Amino acid sequence: DKELIDIIKNESDRISKLIDSLSSIDSKLSISSKSYENIHEIIRYSLFKLKQKSKKVSIVENFDPSLPTINLDKNLFVQVLDNLLVNAYESSNFLKKSYIKISTKYSYGETITIPNVKDKKNNNSIMIIIEDNGKGVEKKNIEKIFLPLFSTKKRGSGLGLFLAKKIINDHDGDITINSENQITSVIIKVPL
């Protein structure tokens with residue numbers, strides 16, 4: 001009976017925390033302070049935390065060293081990268097060939113000329129790609145993956161990817177997930 005009471009207590013605490021986090025999503029996750037940051041430093045900060053986990057997986061960095069700094073809320077971006085990297089880590093099979101690869105690159109967008117405005121507007125962005133060869137995401141779940149409370153994990157809250165998308169969207173960016181042939185890629189585009 002004590003085990004069941006402990007389970008009920010733990011689940012009640014978890015549900016309470018989940019409800020608290022849902023009720024404060026808008027207030028806690030609004031962009032409070034943007035600054036120009038080196039995206040590689042933010043990624044390496046999140047990677048350092050990931051490397052402290054007990055099971056090891058190969059981590060590959062493929063960074064474009066010529067990227068400019070980008071104007072963003074550093075704390076919120078750390079939250080996004082933490083969520084995405086933990087998801088990649090937890091989907092790993094932890095075999096010798098298991099990996100998580102993080103790439104960055106400059107993405108040239110279209111140049112827009114606005115009538116009666118001297119300067120042209122460039123839609124350039126920075127891309128961050130997080131790739132893993134873990135369990136993957138089933139096709140039927142790809143469209144639901146960013147919905148709040150949707151999770152395929154037994155102990156998942158269904159908030160991680162929802163919040164990641166909200167934060168990226170608040171930065172006028174975009175996030176997509178592709179999963180094919182045992183390779184899952186998360187592509188983030190953030191405008192410069």
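**Helix packing and its surroundings**

Modeller: In helix α6 (residues 160–170), the buried residues are Leu161, Leu163, Ala164, Lys166, Ile167 and Ile168. Buried here means under 20% relative accessible area, exposed means over 50%, and partly exposed lies in between, with a 1.4 Å probe and protein chains only. Helices are DSSP runs of H or I of at least four residues, strands are runs of E of at least two, and both are numbered from the N terminus. This is a predicted model, in which local features need pLDDT of at least 70 and side-chain atom pairs count only at pLDDT 80 or more, while totals for chains, interfaces and linings use all residues. Residues are numbered from 1 along each chain as its sequence is written, and side-chain values use heavy atoms, with hydrogens and water left out.

Of its 192 residues, 37% are buried. Among contacts with a separation of 6 or more, 73% join residues 24 or more positions apart; contact means heavy atoms within 4.5 Å.

Two packed helices are described by the angle between their axes and the distance between the axes. The axes of α4 and α6 cross at roughly 140° and come within 9 Å. Each axis is a line fitted to C-alpha atoms, for helices over the stretch in contact, and angles run from 0 to 180 degrees between N-to-C directions. The crossing of α4 and α6 is left-handed; a crossing has this hand if the near helix is turned anticlockwise from the far one by less than a right angle, and is right-handed if clockwise. On the α4 side, the contact is made by Leu76, Phe77, Gln79, Val80, Asn83, Leu84 and Asn87, and on the α6 side by Gly160, Leu161, Ala164, Ile167 and Ile168. These residues divide into eight nonpolar, four polar and no charged. In this grouping Ala, Val, Leu, Ile, Met, Phe, Trp, Tyr, Cys and Pro count as nonpolar, Asp, Glu, Lys and Arg as charged, and the others, Gly among them, as polar.

Helix α4 (residues 74–90) also packs with helix α3 (residues 39–51), at an angle of about 45° and with the axes 9 Å apart. That angle makes α3 oblique to α4; angles under 35 degrees count as roughly parallel, over 145 as roughly antiparallel, 65 to 115 as roughly perpendicular and the rest as oblique. The crossing of α3 and α4 is right-handed. Helix α3 contributes Ile39, Ile42, Ile43, Tyr45, Ser46, Leu47, Lys49 and Leu50 to the contact, and α4 contributes Lys74, Phe77, Val78, Leu81, Asp82, Leu85, Val86 and Tyr89. The residues of the contact of α3 with α4 comprise 12 nonpolar, one polar and three charged.

Val78 is found in helix α4 and counts as buried, at 10% relative accessibility. Leaving aside residues up to four places away in sequence, Val78 touches Ile42, Tyr45, Ser46 and Lys49. Arg44 itself lies in helix α3, and its relative accessibility of 43% counts as partly exposed. From C-alpha to C-alpha, Arg44 and Leu81 are 9.8 Å apart in space, and 37 residues apart in sequence. With residues up to four places away in sequence again not counted, Arg44 touches Glu61 and Phe63.

Tyr89, named above in the contact of α4 with α3, counts as buried at 8% relative accessibility. The structure holds two aromatic pairs. In one of them, the rings of Tyr89 and Phe94 have centres 5.1 Å apart and planes at 70°, so the pair is edge-to-face. Rings of Phe, Tyr and Trp (its six-membered ring) pair if their centres lie within 6.5 Å; planes under 30 degrees apart count as stacked, over 60 as edge-to-face and the rest as tilted. Phe94 has a relative accessible area of 27% and is partly exposed.

Finally, just after α6, Asp172 takes a positive phi of about 60°, although Asp172 is not a glycine. Asp172 is placed in the loop between α6 and β8 (174–180) and, at 64% relative accessibility, counts as exposed.
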